[in-house]
Amino acid sequence: MTSAPDATTVRAWRAIGGDADLATEVSYQSAGEVLPAVLPVRELARATVGACSLAAAELGVSRDGGALPRVRVDEGAVATAFVSERHLVVNGRRPTPFAPLSGFWRTADGWVRTHANYPHHRARLLTALGVDTGGAPDDTGASLVEPLTEALADLTALEVQERVYAAGGLAVAVAPGHDERSLMCGHPLTEIAVAAEGGGRRLPPASLPASGVRVLDLTRVIAGPVATRTLALLGADVLRVDSPRLLEDTDSHIDTGSGKRSTLLDLDSFEDRNTFHGLLDSADVLVTGYRPGSLDRLGLAAGDLMDRHPGLVVAQLGAWGWSGPWARRRGFDSLVQAACGIAAVESTPDGRPGALPAQALDHGTGYLMAAGVLRALTERQNDGRGRLLRFSLVGTADWLLHGVTAEPAGEGLHEAADRLTDTPSPYGLLRHALPPIGYEGSPTNWAVPSTRWGTDRPVWVEG
C-alpha cells in the first residue's frame, strides 16, 4: 500500500478544482498487475476512483464537520469495476459487450473501427456502405460480417469514416500513431466555470455525502451512467430521463442503473418538457451525455439553465471535446481510442490495432465526472454558486497518452470473484461488480438494483 498519492492522483484532483495538499490523504491497496497495457491504465483508473473517493469524503465533512475520514482505494476493486459490463450475469446469462459488426476492419489503405451495437447505428453503417442485408438481417448482424468485410476492403479508411458519418453511423479511421499536432490533442481533462450568482441550498448533515441531492441524469451507455451510478451509491436521488423514441440496451441499463430510477419523457413534447423543467426547479445537479449543442433547442443550454436555476451544478460529457470540427460528432470509447492513437500504441506484433483492457476512457471519465460534481457541491456549501463542468472522452484519452505517470505495480493478486456479489432485481438475479469507492464508512453496495427501464414516475423521492 502506498502512503501518498502518485502524481496522477494529484493531477486528477487538481483538475476538478481540489487543493493538491488534500490529495495526500489518498492511499492505495495494491492488487498486483491489474489492467495490464502498454499505456498506464491502472494508474489512470485508480487515480479517478481515488479522486472520487476523496471528493465524497470531503463533501461529507463539509456537511457534518469533523475530521476527514481515511481514503483508501483497493486496486482490485477498481480493476473489477472498470470492466463491470463484462462481469455482469443476468439470471445465468452473460451479455455480449460488442456486437459482431463492432470492431476493427481492414480497408484499402489501413484500418477503421466501427460501432454497431445499437440497431439504428448498425442499419446506418450497412446502408452507407451499400451492404445488402437481404431484407431481413439477423438481430446482431453476425451473418453480414463477410459482406461488410468485402465492402470495406475497396475503400480507404477516410472514405469509410466520412461516408458512414454522413449517414448518421459510427466509424473512424484508425490513426497510425499519436500525432501531437493532430485535432485529437490538446483537449483539457476538465473545464470548470463558476456561476456569477449564488442561491443554491446548503445541504444539511447526513449519513451519506450525497444524501438528499437531486440529480437529473440525461446520459446513456457507460461514462455518464457510471458517474450518476456513483452519485446514487453515495446517497443521491438520481432520476434517469430517456426519450421513449430512443431505446436503451437492456444489459447496459442493468449494469449502470444501480441505485437509480428510470423514467421516460419526450422533451419535444410541450407537456413532457414542462414536467422536466418542473423537476429542474428543485434539482441540485443535471448531468448530460448528449452531443454538444443538441439540447440547446429545448431550452437546456447550460448558461440558460444556470441563470434560471441558481445553484444548479451542470456536468456535461462529450466524446470529442467542446471545440473543433469533431465536437458535434457521435462517439464512443472504442472510437476515441482508435482515432487518437491509443489503438496504434496497443497494437499487436502483426500490426493489428489493439484496445485497452477496459473501456477505460468511459469508466475513468465517469468517476472523474462524479468527483467533479461532488467537489462542486462542496464548493456550493461555501458560496451558494452553481458550476458548469465539462468532460470529454478525448480529453481523458489525451491525459492517458501524455499526463498519466506510470508507476511500478505493488505486490498482490487480483481475484475478480472477491469483488462481485449477487443481488435480486426486477430483471432476475444479478451477478455484478461491487463499487470501488473507498473511504472509511463508504457504502459497500447500492441500496437498490436497477429498476426496469422507463418504468418510474417523473417525480422526486419525498424527504
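Visitor: What makes R329 buried or exposed?

Guide: This is a predicted model, and the value is computed from it. R329 has a relative accessible area of 12%. Buried means under 20%. So R329 is buried.

Visitor: Why is E162 called partly exposed?

Guide: E162 has a relative accessible area of 31%. The class runs between the 20% limit for buried and the 50% limit for exposed. The value falls in that range, so E162 is partly exposed.

Visitor: How do you know that E162 and R329 meet in a salt bridge?

Guide: Their side chains come to 2.9 Å, N to O. The rule asks for a Lys or Arg side-chain nitrogen within 4 Å of an Asp or Glu carboxyl oxygen. The pair therefore qualifies.

Visitor: Where in the chain are the two partners?

Guide: E162 is in helix α7, residues 157–166. R329 is in the loop between β12 (313–318) and α12 (333–340). They are 167 residues apart, so the pair links distant parts of the chain.

Visitor: What makes R375 and E58 a salt bridge?

Guide: The N to O distance is 2.9 Å. The cut-off is 4 Å. So the label holds for R375 and E58. R375 lies in helix α14 (residues 360–383) and E58 in helix α2 (residues 41–64), so the bridge ties together parts 317 residues apart in sequence. Both R375 and E58 are buried.

Visitor: How many salt bridges does this rule give?

Guide: The count comes to 23 salt bridges.

Visitor: Why does D237 with R261 count as a salt bridge?

Guide: Their closest N and O atoms are 3.0 Å apart. The limit is 4 Å, so the pair passes. D237 is in strand β9 (residues 237–242), R261 in strand β10 (residues 261–264). The two are 24 residues apart. D237 and R261 are both buried.

Methods. Residues are numbered from 1 along each chain as its sequence is written. This is a predicted model: local features need pLDDT of at least 70, side-chain atom pairs count only at pLDDT 80 or more; totals for chains, interfaces and linings use all residues. Side-chain values use heavy atoms; hydrogens and water are left out. Helices (H or I, at least four residues) and strands (E, at least two) are DSSP runs, numbered from the N terminus. Buried means under 20% relative accessible area, exposed over 50%, partly exposed in between (1.4 Å probe, protein chains only).
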